[in-house]
Amino acid sequence: MARATPPAHPPEELPRLRLWRWRRNPLRRRTDLAQAWIAVGLFVVVTAATPPPFS
């Protein structure tokens, strides 16, 4: 006998998060996160230490 297919249920709506990239990722290493924060910090320091251009 052929099996009866169950009725299709719509997928449950997951709450949309604005910062969806901040979710947990098992492939992200702590060293990668530390390296990214160091790069952001260095960018901020270099940007703040650069004198404004002459007009």
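Tutor: We'll go through the helix, the surface and the charged pair.
Tutor: This is a predicted model, where local features need pLDDT of at least 70, side-chain atom pairs count only at pLDDT 80 or more, and totals for chains, interfaces and linings use all residues. Residues are numbered from 1 along each chain as its sequence is written, and side-chain values use heavy atoms, with hydrogens and water left out.

Student: What secondary structure comes up in the protein?
Tutor: There is 1 helix and there are 0 strands. Both are DSSP runs, numbered from the N terminus: helices are H or I with at least four residues, strands E with at least two.

Student: How many residues of α1 are buried?
Tutor: The count is 0 among its 20 residues. Buried means under 20% relative accessible area, exposed over 50%, and partly exposed in between (1.4 Å probe, protein chains only). Across the 55 residues of the protein, buried residues make up 0%.

Student: OK, new topic. Which side chains meet in a salt bridge?
Tutor: D32 and R29 do, at 3.1 Å from N to O. A salt bridge is a side-chain nitrogen of Lys or Arg within 4 Å of a carboxyl oxygen of Asp or Glu. The structure holds 1 of them.

Student: Why can side chains pair like that?
Tutor: Side chains of opposite charge can do so when their charged atoms come close.

Student: And is R29 buried or exposed?
Tutor: R29 is exposed, at 52% relative accessible area, while D32 is partly exposed at 27%.

Student: Where does V40 lie?
Tutor: V40 is in helix α1, which covers residues 30-49. V40 is partly exposed, with 43% relative accessibility.
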